[in-house]
Protein chains: 2
Amino acid sequence: MRKGMLLVISGPSGAGKGTLAQRLLHRDGFAFSVSATTRASRPGEEEGVHYYFLSDEAFAAMEAEGDFLETATVHGHRYGTPLKPVMQALEEGRDLLLDIDSQGARTVMEKLASCVSVFILPPSMRELEHRLRARQTESEEDIRRRLHNAAGEMEQLPRYRYAVVNDDIEEAYTQLHMIVQAERHNTVRYLPEIR
Amino acid sequence: MRKGMLLVISGPSGAGKGTLAQRLLHRDGFAFSVSATTRASRPGEEEGVHYYFLSDEAFAAMEAEGDFLETATVHGHRYGTPLKPVMQALEEGRDLLLDIDSQGARTVMEKLASCVSVFILPPSMRELEHRLRARQTESEEDIRRRLHNAAGEMEQLPRYRYAVVNDDIEEAYTQLHMIVQAERHNTVRYLPEIR
């Protein structure tokens, strides 16, 4: 049986990761890896579907046990990717998608060298700024901060296996699809199936 | 500018490498790497197009200078891939195809880790035997030897980055095409273009 693929997608906010991730889920047989978090659940969010909701203590205990593939702190809340469901999915031949920030992506790339990492780029910083403003949901300060962060994230680019420029969403998706199809024939995953 | 790709294709005789290589040349913008050889030229073979024809002494001198990416001895004749034209093509952003035996492929994979290596598999040993017999050009002894070699080459499979089973030539080509398209977005080659 073929081994599963852990696809790590990262890139600056506004590059279009979310839309691309949705297509991979619907068209390429990927499942989202469900994260754990210490933040409170929002209306409509289901335990084990959108997140595993944990107390600070439970999160810290899991972290101490090495039960996370990666963790991050955002606005004072902890987020983490539980290791066990990821490894189980890969062993069972299921493909998982991780849509995470560059800090988390770096940890995953280091811990799981067989993961397939893709950095999604906006066509330019100018276009990124345009997209962030078009959202009309963020303050000027937020936009400035996101643009500043994006410039820093770009420096991480060489760590990723692939880079895709999201100028046209159809073209970017096609490119991602071809990366996924190629990596399904990577001997790391494919050999157990051939044998 | 994007860096060129060295695509190394190998696999047992009868797996269909030749047909797939021709398609990559005609449809995907690859050029063949021209080999050097000490064997005599055959009618219709042009110097610098089909081979670089060298004397035993000239070949040995190049080998001593480390001017070959890989060399092999077949039926008493020397064959080798000159290193300089390969490196020059890659620097200039041209994609090169190397269709070589598993011994040569192993050397190239070790020397040039950024190469993209693909092993072309027949659907089964039974089908491989069928294809070799269908050629009607080889003796029973040749067929036995090729089948024996194929079994040995299969053991090299984990060294290759990708494996493609050539059951249907259209499907196998499509798969190879997607590998090529994915690898053109590998950051190793793609970053110089983005910057």
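This briefing covers strands and helices in chains A and B of a predicted model. Local features need pLDDT of at least 70, side-chain atom pairs count only at pLDDT 80 or more, and totals for chains, interfaces and linings use all residues. Side-chain values use heavy atoms, with hydrogens and water left out, residues are numbered from 1 along each chain as its sequence is written, and chains are lettered from A and ligands numbered from 1 in the order in which they are written. Helices (H or I, at least four residues) and strands (E, at least two) are DSSP runs, numbered from the N terminus.

**The sheet in chain B**

- Five strands of chain B form an open sheet in the order E2-E7-E1-E8-E9, with parallel pairing; two strands pair if DSSP finds at least two bridges between them.
- Strand E2 (30-32) and strand E9 (162-165) of chain B each have a single partner strand, so one side of each is left without a neighbour in the sheet.
- From one strand to the next, the twist averages 30°; angles run from 0 to 180 degrees between N-to-C directions, and axes are lines fitted to C-alpha atoms, for helices over the stretch in contact.
- E2(B) pairs with strand E7 (residues 95-99) of chain B over three bridges, in the parallel sense, and Phe32(B) has Leu97(B) as its bridge partner in E7(B).

**Strand E1 of chain B**

- Strand E1 (residues 6-10) of chain B has five of its five residues buried, so it is largely enclosed by the rest of the structure.
- Buried means under 20% relative accessible area, exposed over 50%, and partly exposed in between (1.4 Å probe, protein chains only).
- Leu6(B), Val8(B) and Ser10(B) lie on one side of E1(B), with Leu7(B) and Ile9(B) on the other, and all are buried.
- E1(B) runs parallel to E7(B), joined by four bridges; Leu6(B) is partnered there by Leu96(B).
- Four bridges also join E1(B) to strand E8 (residues 116-121) of chain B, in parallel, where Ser10(B) has Phe119(B) as its bridge partner.

**Strand E7 of chain A**

- In strand E7 (residues 95-99) of chain A, four of the five residues are buried.
- Strand E1 (residues 6-10) of chain A runs parallel to E7(A) over four bridges, with Val8(A) partnered by Leu98(A).
- Strand E2 (residues 30-32) of chain A is joined to E7(A) by three bridges, also in parallel, and Phe30(A) stands opposite Asp95(A).

**Two helices of chain B**

- The axes of helix H1 (residues 17-27) and helix H7 (residues 169-183) of chain B come within 10 Å and cross at roughly 50°.
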